[in-house]
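Work through the following exercises with the model open beside the text. Each task is followed by a solution in steps.

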Amino acid sequence: MGRVEVTTVGLLRARLPKGSAVEPGQTVAQAVQTLGLGIGEGLVPLVNGRLASWSDLLKDGDKLELVQSVGGGA
Amino acid sequence: MSKQQTLGATYGKILHVDLTTGAIEVETPDPEVYRKLVGGRALVAYLLLRDLPAGADPLGPENRLIFAPGILQGTNLPGTGRHGIGAKSPLAGALASSEAGGWWGHEFKRAGFDALVVRGRAEQPVYLWIKDGHVEIRFAAHLWGKETGPVEALIRQELADDHVRVAQIGIAGEHQVRIAAVMHDVNRAAGRGGLGAVMGSKNLKAVAVRGRMALPVADRTPLTELSKWLGSVYEEKLVWAVKRGTVGGIMNLGRIGALPTRNFRDPIFEAREGISGQLMMDTIRTGRDTCAVCPVHCKQVVEYHDPGGRHSLDPVYGGPEYESMAALGSYCCVSSLHAMAKANERCAAYGLDTISAGSVVAFVMECVENGLVAAQDTGGYLPQWGDGEALLHGIELMARRSGFGDRMAEGVQRLSADIGRGSEAFAMQVKGVELPMHEPRLKAGMGLGYAVAPVGADHMMDIHDTNYADPASSSLARVNSVYQVGPLPPGDLGEEKVNLFYHEVNWQHFLDCAVMCMHYPYDYEQMATALTAATGVGYGIRDVLAVGERAQTLGRLFNYREGFTQADDRLPARVMQAFDAGPLAGIEIKAEAFEAARGRYYELMGWDKVTGRPSSERLQALGLIDLLAPVPGR
């Protein structure tokens, strides 16, 4: 059993308990679904500090960070 | 429908004011004009093509300044507290089309007109007073030279009505600063494209409106149902806007390495906490404001009493939103919340576009860093990165065209041509319009949008690629109602991305014709329902998207007439080159991929691949041939 630490910033902090983690071997998209964090818009995943793809497979020890990148106007 | 019948939610009245002669006329357009164009940008481009001679001086009396709400203004549908303004831009001479929130558009529409077209030049400063179908040209010499806050108060006092809504220029517009904005309610800017300079060139200080007329709507029930639906979902769907507005963008985009920093040169702004939305909320934010018929209240209000006096903030000028925080903050490496917020306040007081003002100062900072300007060139103005006081000083110089500010007031494109010496390489503009605060290296489609938008670099008639990468994205679900496409990476510029881009850019243009807040969660179907209910004419999903395509096509046609070609649809090389550090390290936009995407988009739009001219077949398919028949030189 490995572990992928998950963190977030801003308003999403309220929806993700501190110390959250998911199991490795799943994609970023699956992890977000597992966490119930689907916000329906503009979530950007970073893995180990770099921009990641939703289809990237998470490995043991990876650090997944989820950031809300709101698009919009002013 | 019969040509005599007026479309629901319109009066069939476009108001024309000639400030040279004082003539006031009302045009009764063919109802097909509003049925096909809806309002906003499409109407602006159409009227410019029809009425403005090719090659006209943007700051000459011939230019038209067009205030263009859309069909939905005045219907009380939530999200319609916006309106558009347009003209030929004094930056590079392309289309200028910008929108503002607030209360002016709603009030104007209730005053009995669908749009206002101002031409000519008054001999001395004037303002327009429009109330319930009556129009008056009034002297404004006593308002000239004053800041926007006092001017609104004076106009309300003079008209003895505290509910009068005022669109106005500040001293920047008076001095025809090419990055001047038209301000509304003092703190809502139609900022992009130099519309304030056009208004100043006409000696038009303000347009004051008051309207209590009943707008005839074909069927109120579906609009009420949509409002109820919105009321039940907005807190969930717009949680970020309800809680914070756009200000969370600083820390969020900063974490992704996509917060424009040091004139788009650096991947990370380490000092971003100094200008964060949270810090603003914890210290200087004192309230929230909103637009007409909007429950969200995403507009910031700030107030601060600086013991030293320099950074005191008057709440009448509102607070900075994301674009302004980035342009006047990270883009210039300014990490002082008070200096950034003060710069935002001064831009509102003087009527300057915050994006362009921050961009000009950042450009000068980079020129200074590279030794391209010296004290003798600039009257001693040598701003350094991160110097908030220099930013504030630059705003003072620009707004008054004082000293070196006279050259800065020309905008980045002209200033870089003036300075030369390789500075063009970091002049971050497209068609003379400075880049907004969204990073193409994160959002490649956004970059394509900067290049092909008829108004130059603009983020409003564009896509945010990160909204289509999330498999659960509601934006993706919206597109899938007309085009099946799966989630796509934000850096992708392949054929599927461009197909998606085509539909969503048409949608964004539609929103600026309707004129609807882009943050609202309505989809294509709901907007078709709203238009049908408002007008009494049946609109389907495809009709909604066709309105947007007409706006983009008419904008392109206008630019083609003014001499713009595919070669002007470019992206500054800097934002195509990979960062060597940060979360986006190594991500570039390859020139071949960009050119292929642009070519694909031209195909989808029916534009000639070299000249960019829309094909006759496409004009026919969009129903524009008949509409454009009276247009000379089409």
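**Exercise 1.** How far apart do the C-alpha centres of domain 1 of chain B and domain 3 of chain B lie?

*Solution.* The structure is a predicted model. Begin with the bounds: the domain assignment of chain B places domain 1 at 14-210, domain 2 at 246-430 and domain 3 at 444-628. The C-alpha centres of domain 1 and domain 3 of chain B are 27 Å apart. Next, take the contact between these two domains, to which domain 1 of chain B contributes 39 residues and domain 3 of chain B contributes 32 residues.

**Exercise 2.** Determine which elements build the side of domain 1 of chain B that touches domain 3 of chain B.

*Solution.* Step one is to list the elements giving two or more residues: α1 (31-37), α2, β4 (82-88) and β5 (95-101) of chain B. Step two is to find the largest share, which is the 7 residues from α2(B). Step three is to sort this side of domain 1 of chain B by class, which gives 18 nonpolar, 14 polar and 7 charged residues.

**Exercise 3.** Check the length of helix α2 of chain B and state whether it is mostly covered or mostly open.

*Solution.* Helix α2 of chain B runs over residues 40-51, and at 1.5 Å a residue its 12 residues should span 16 Å. For burial, the cut-off is 20 or more other C-beta atoms within 10 Å. By this criterion 10 of the 12 residues of α2(B) are buried, and the helix is mostly covered. Among the buried residues are B:G40, B:R41, B:Y46 and B:L49.

**Exercise 4.** Describe how helices α21 and α22 of chain B pack.

*Solution.* The axes of α21 (residues 524-535) and α22 (residues 541-561) of chain B come within 8 Å and cross at roughly 90°. The angle therefore makes α21(B) roughly perpendicular to α22(B). On the α21(B) side the contact uses B:Y524, B:E525, B:M527, B:A528 and B:L531, and on the α22(B) side B:I541, B:D543, B:V544 and B:L545. By class, this contact holds 7 nonpolar, no polar and 2 charged residues.

**Exercise 5.** Which helix gives the most to the side of chain B that touches chain A?

*Solution.* The contact takes 34 residues from chain B and 24 residues from chain A. In chain B, α8 (239-243), α9 (249-256), α11 (322-327) and α19 (474-479) each supply at least two residues to this side. The most comes from α9(B), with 6 residues. The side of chain B that touches chain A divides into 17 nonpolar, 11 polar and 6 charged residues.

How values were computed. Residues numbered from 1 in each chain as written. Chains lettered and ligands numbered in written order. Predicted model: local features only at pLDDT ≥ 70, side-chain atom pairs only at ≥ 80, totals over all residues. Helix = DSSP H or I, 4+ residues; strand = E, 2+ residues; numbered from the N terminus. Expected span 1.5 Å × (residues − 1). Axes fitted to C-alpha atoms, helices over the stretch in contact; angles between N-to-C directions. Parallel < 35°, antiparallel > 145°, perpendicular 65-115°, else oblique. Contact = placed C-beta atoms within 7 Å. Nonpolar A, V, L, I, M, F, W, Y, C, P; charged D, E, K, R; others polar. Domains from an automatic or database assignment.
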